[in-house]
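User: I have a protein model to go through. Please take me over its main features.

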Amino acid sequence: MDFVSFAFDLVAAEMNIPREEFHPLERKLRIERGGDRHYIASALAMEVQERHAAIWAAFRKGQTPREISELLGISQRRVQQVIARTPMP
């Protein structure tokens with residue numbers, strides 16, 4: 001079993017949908033991307049991305065780095081680093 005099969009099995013089980021209903025989508029995915037090597041981000045990478053988005057959302061609302069740091073439980077310096085170094089989503 002490869003990762004695509006695993007993912008579709010998991011989604012089908014979680015959503016209580018017959019696995020066969022995913023066959024057309026699985027085929028399309030395999031035609032378009034089959035044979036390629038893909039990167040799967042870790043859960044930590046996903047959490048960092050979500051945190052950066054939360055920082056930018058608060059910053060766009062006019063909150064100060066200090067307010068953002070208190071809201072998210074991270075240092076004010078880290079908030080300033082994210083604002084300075086990452087592109088605004």
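User: How many helices and strands does the protein chain have?
Analyst: This is a predicted model, where local features need pLDDT of at least 70, side-chain atom pairs count only at pLDDT 80 or more, and totals for chains, interfaces and linings use all residues. Residues are numbered from 1 along each chain as its sequence is written, and side-chain values use heavy atoms, without hydrogens and water. Helices (H or I, at least four residues) and strands (E, at least two) are DSSP runs, numbered from the N terminus. The protein chain has five helices and zero strands.

User: What radius of gyration does the protein chain have?
Analyst: The radius is taken over C-alpha atoms, and the globule rule is 2.2 Å times the number of residues to the power 0.38. A compact globule of 89 residues would come out near 12 Å. The protein chain has 19 Å.

User: What share of the 89 residues in the protein chain is buried?
Analyst: Buried means under 20% relative accessible area, exposed over 50%, and partly exposed in between (1.4 Å probe, protein chains only). By that cut-off, buried residues make up 18%.

User: Where is asparagine 16?
Analyst: Asparagine 16 is not a glycine, yet its phi is positive, about 55°. Most residues other than glycine have a negative phi. Its place is in the loop between α1 (3-15) and α2 (23-33).

User: Is asparagine 16 buried or exposed?
Analyst: The relative accessible area of asparagine 16 is 71%. The cut-off for exposed is over 50%. Therefore asparagine 16 is exposed.
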